[in-house]
Amino acid sequence: PISNPVDLQPLPGRGVKRPHPDCHGNSSETPKFSAGINLRGRSLANRFLFTALKCEYYKDEHHRFDELIDIWAQKMKDLFETGFEFGGDTWKIGVLGLTGDAPFLREAGRHNRSFSNVRKSAASNRILKGVCWLCDAGRTNGPAYEDVNILTADWLGTVGPRNPLPWTSQSPLLEHLFMDQNDPASFYLPDTFHIYYFGVGKDFASSSLIYLAKRVFKKRNIDASIDAINGELQRYLALHKTERAHFGRKFSKELLGYKSGRHYPFGRWSKGADTSFVVKFVEWLVDETVASNGEWSSDFVILSIRDGCKAIGTFLRILFGSSFWFTPQGAKDAILSGLEFSRMFMRLASVCVVRKQCLYKVTPKVHMYSHILLRMLTEYRIDPSAVVNPLSSSTFQCEDFVGHVARMSRRCSAKVNGTRIIHRYLVAIEGAFRL
């Protein structure tokens, strides 16, 4: 049996495992808070399990999930008001927000507005409730979520205190925990891991490869075109021996999620790190193509792909190389590069719509990516030295932690699933803290 764990984590930590050498987190400026983000070390030692619940137990009895959330919130409230004794001192814990993938946030927050509320076809006349809990975008007769310009978009008028509540009845979480009384929906934090690495980044990378296959490496059919790109991939791997992908050493139609010219491609690799690998390869491939063949040096789409790769690469290098708070210059550069990637993605999507090509699909995750940038920009305008690194609320290591708990659950009796998982978890973390 596979169980769904509920866990918590401290926001500050020891940084990341391998910070990039040329990012602003290593600059001579002194950040406001020197602690790093919590993405280094063993997940069993810096994420903490509260309980594990079989999905079959609450799938048709959703009140059981709400009761679990309520109990957890009460425990967290007690940890803040009463605290616990350790080393002769009283320690208290404050919960600052909840993060996770979109389905989890929707269920935990009882959100009416979520990613699933999108128009399924152009002919659909369904009344839409909206796609975002942080603003009113995507609602029928409301602002369009596809407008991702965080300086001029219509949905900017519905963020913060002007955001209509995205729920009919409030989650038990907000009855016990801290929240911004003027913007209670901001308690639920967007997750960079699922938004980019399992969303926007996959769309961008797979669409770019399909465009290059059809345009630059065009052969008698799409399979032969992808094989031609695979030849370049082997050359890339030979030149960059430290680079590797979990999906292997070749692309395929299935891996790129390509069915036909009437369907949008979507990367089907299972590891988030592979998104970074593919985007780096696309950037190298475009640079090699433009450098070796002047025919493509003026191709608008190819140049936009290259600029998009460079922009998102800069954005992520700054994020992974920075501490919990950015330096002022790091925050500025991160925001500008993040905005540039968003602009390139929408430019590519617009061009492909005009050309009637199904590439660069604008999904609600593209919109949520804009909210990550908007929060950074808002904090920068208030205090350039107090911009929080959005990776601090990402779920990179949470996914690893969930994997550990899931493996424990597979060896437990279904009758005592939750209890046995806790026992096995306690044994596992003892070993984790010893290392």
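**Charged pairs and cysteines in a predicted model**

Colleague: In this predicted model, how far apart are the closest N and O atoms of the salt bridge that Arg-343 forms with Glu-340?

Modeller: Arg-343 and Glu-340 both belong to helix α10 (residues 328-354), and because they are 3 residues apart there, about one helical turn separates them. Arg-343 is partly exposed at 45% relative accessibility, and Glu-340 is partly exposed at 25%. A salt bridge requires such a nitrogen and oxygen to be within 4 Å. For this pair, the closest N and O atoms are separated by 3.0 Å.

Colleague: How many residues apart in sequence are the parts tied together by Lys-310 and Glu-283?

Modeller: Lys-310 makes a salt bridge with Glu-283, with 3.1 Å between the closest N and O atoms. Lys-310 sits in helix α9 (residues 300-321), while Glu-283 sits in helix α8 (residues 273-292), so the parts that this pair ties together have a sequence separation of 27 residues.

Colleague: How many disulfides does a search of the whole structure find?

Modeller: A disulfide needs two cysteine sulfur atoms within 2.5 Å. The sulfur of Cys-309 has its closest cysteine sulfur in Cys-352, and these lie 14 Å apart, which is too far for a bond. Cys-309 is buried, at 0% relative accessibility. For the whole structure, the number of disulfides found is 0.

Key: Residues numbered from 1 in each chain as written. Predicted model: local features only at pLDDT ≥ 70, side-chain atom pairs only at ≥ 80, totals over all residues. Heavy atoms only, no water. Buried < 20%, exposed > 50% of the residue type's maximum accessible area, 1.4 Å probe, protein only. Salt bridge = Lys/Arg side-chain N within 4 Å of Asp/Glu carboxyl O. Helix = DSSP H or I, 4+ residues; strand = E, 2+ residues; numbered from the N terminus.
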